[in-house]
Amino acid sequence: MYLKLAWRNIWRNKRRTIITLMSIAFAVFFASLMQSMQLGTYANMISNSVRFYTGYAQIHKTGYWEERSLDNSFSLPENVEKALMASESIVTIVPRIESFSLVSFGEKAKGAMLIGIDPFKENELTSLKEKLVQGQYLTENGNSLIIGKGLAEYLNVQVGDTLALIGQGYRGMNAVGKYGVGGIIETPIAAFNDQAVYLPLAEAQYYFGMENQITNLALNVNDFTKLDKLKNEVGSQISHNDYEVMTWREMMPELVQQIELDDASGKIILYVLYVIIGFGMFGTILMMARERTYEFGILVAIGMRRRRLKLLSMAEMIILSFGGVALGMSFSFPIMTVLHYNPIYLTGEFAEVYKKFGIEPVLNFSISPVIFFDQAVIILVISLLLGIYPVLHIGRLNTVEAIRS
Amino acid sequence: MMKVIEAHKITKVYNADKVPVNALRGISFSVDRGEFTAIVGPSGCGKSTLLNIVGGLDNPTKGKITIEGNDLSNLKENKLIDFRLDKIGFVFQSYNLIPVLTARENIALIMELQGVGKRARNDRAMYLLRAVGLEGKEDKRPTELSGGQQQRVAVARALASEPAFILADEPTANLDSVATDNLLDIMAGINKEKGTTFIFSTHDQRVIDKARRVIRLEDGLIVSDNNLVTNKAHEDRP
């Protein structure tokens, strides 16, 4: 009968119950929404940077990351390449040369990041071909280049124009070349649009005078959550004296810090949200407890022990809390799923701010079950903690005064 | 005759540390099994305070209450609640039924608290509802019943645990004359047939007229105790 009593008590004031349920449900929704947006945006930032630039891990000649010079390039031994390809954790190995050159067209010139790539393997990791907005993608043996949209606009070049490149090659040699623009790309990372020039790997090796040499080998992996394990596995296959293996976290500490900073501020906002939600819910619970003082007094008078009355009150709060959380999850998940597949693209000033920080101006939403579970548990705990108030109220109840009230 | 209630020099002082108000000033009385007693007096004379103390809801500042020989002051809170559950039935002025339970469930709740099995408590609840003339109303919630009917359910609930006595605090205060007569007839009938002890606090002359003992309080003191049964017995004595 206690459960029946608890259930009926909950529904004796339908409006109040609906308000309580909705306040818990909206708490779950807003907390999940915030967390989903945060994690979705981080994942997108990581994905943009990692998937489009570094890869999840890279192998370099020891010391390259400290001094990113062509002189710290290396030639990958065939047995190491085979061993890496045999690893179940690695999907693709992507060889690159990365350096800088002056790019000139007509009267204009600009320093650019010159990247030599294996067109097929690079596309597997970064889907570079999809970023093409004009012209053709690179071919393995071709000698045309592709260029970032921002740089193309700065130099005022079109597909088919020829660029002059001048820079420093391997071991101080001069690097000079003329290459036709085969295509123009637009990427989510503004810096790439303004600076990137891609050449086929063989042509870049020829340009820099470093045949068969590469500066880094990016790794595309199966499971990016197990990078430390991968690092150890790869480390065991190569000489530590000759090569270094670095994960994206080590290569992009600024991104990690940026995420951590944003995560910390996001948590503060989330805590403020919990407090606001908590006070809202507490108001309802306070009202419920005060309204029923008289009834509690009668129940104690006619022979219900306070412990039973407290359990009854807790049962009501548990039913309400679980109901509210379930309701919140029932509409949070579908809405977040829709947002996950249809991210919000920012425009105007917001977009410019994002671009200034080198972030793609888009709000992504994660649908990791952990988000919904965590937020549901937190809101549930808050509800149950607030449910202690009626219990304390019953404990302090003066039966005679309660009946008089 | 067995004493159900014995009150010995009961004093109750409110606000003892500030401006003391003497609600009861050392009153003593006893109630025998089967009595139908009204405690009467003007507002503020201490009727409700006395009933609360007799019912174990409040503690006297001084003095002692024993119910069937048990000193209430010796009982800790949970024991006192259990004692009230088993020994005392309450009927309050405002009916005080649990609004979300039906008439039958309100009565059965008391027995559930006592650990009575489902069938037994349902059977007894139905029996009590018949006894108070509410057969057919068992599945009605309090809001679907009239004031008089609610108070009859309250009486049935008070009887549910087969208590030593029933305390009724102004039970007819919110009832019309028909409902009052009806309720009084039912309680008087139960008192006569089952020998259940009833103690009322009341202003209502109709209740006073039905009572067989009237204790009058004024300013926290018993100013008269008129036991019609004893007096009649005395009068009948040769």
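Two strands pair if DSSP finds at least two bridges between them. Strands (E, at least two residues) and helices (H or I, at least four) are DSSP runs, numbered from the N terminus. By that rule, β3(B) and strand β8 (residues 197-202) of chain B pair in the parallel sense over five bridges.

This is a predicted model, in which local features need pLDDT of at least 70, side-chain atom pairs count only at pLDDT 80 or more, and totals for chains, interfaces and linings use all residues. Residues are numbered from 1 along each chain as its sequence is written, while chains are lettered from A and ligands numbered from 1 in the order in which they are written.

**The sheet in chain B**

- Six strands of chain B form an open sheet, in the order β6-β7-β8-β3-β9-β10. The pairing is mixed.
- β6 (88-91) and β10 (221-227) of chain B stand at the edges with a single partner strand each, so one side of each has no neighbour in the sheet.
- From one strand to the next, the twist averages 15° (axes are lines fitted to C-alpha atoms, and angles run from 0 to 180 degrees between N-to-C directions).
- Thr37(B) stands opposite Ile199(B) in β8(B).
- β3(B) also pairs with strand β9 (residues 213-218) of chain B, in the parallel sense over four bridges. Here Val40(B) has Arg216(B) as its bridge partner.
- β9(B) and β10(B) pair in the antiparallel sense over six bridges. Arg213(B) stands opposite Asn227(B) in β10(B).

**Strand β3 of chain B**

- Five of the five residues in β3 (residues 36-40) of chain B are buried (20 or more other C-beta atoms within 10 Å of their own, with C-beta atoms placed from the backbone).
- In a regular strand the side chains alternate between the two faces of the sheet.
- Phe36(B), Ala38(B) and Val40(B) point one way from β3(B), and Thr37(B) and Ile39(B) the other way.

**Leu70 of chain A**

- Leu70(A) lies in the loop between β1 (57-61) and α3 (78-86) of chain A.
- Leu70(A) is buried because 23 other C-beta atoms lie within 10 Å.
- Ser99(A) is 29 residues from Leu70(A) in sequence, and their C-alpha atoms are 6.9 Å apart.
- Beyond neighbours within four places in sequence, Leu70(A) is in contact (C-beta atoms, placed from the backbone, within 7 Å) with residues including Ser99(A), Tyr170(A) and Phe208(A).

**Where the chains meet**

- The contact takes 15 residues from chain A and 19 residues from chain B.
- On the chain A side, α1 (2-12), α11 (293-302) and α16 (399-404) each supply at least two residues.

Terms used: Two residues are in contact if their C-beta atoms, placed from the backbone, lie within 7 Å. A residue is buried if 20 or more other C-beta atoms lie within 10 Å of its own, exposed if 12 or fewer, and partly exposed in between; C-beta atoms are placed from the backbone.
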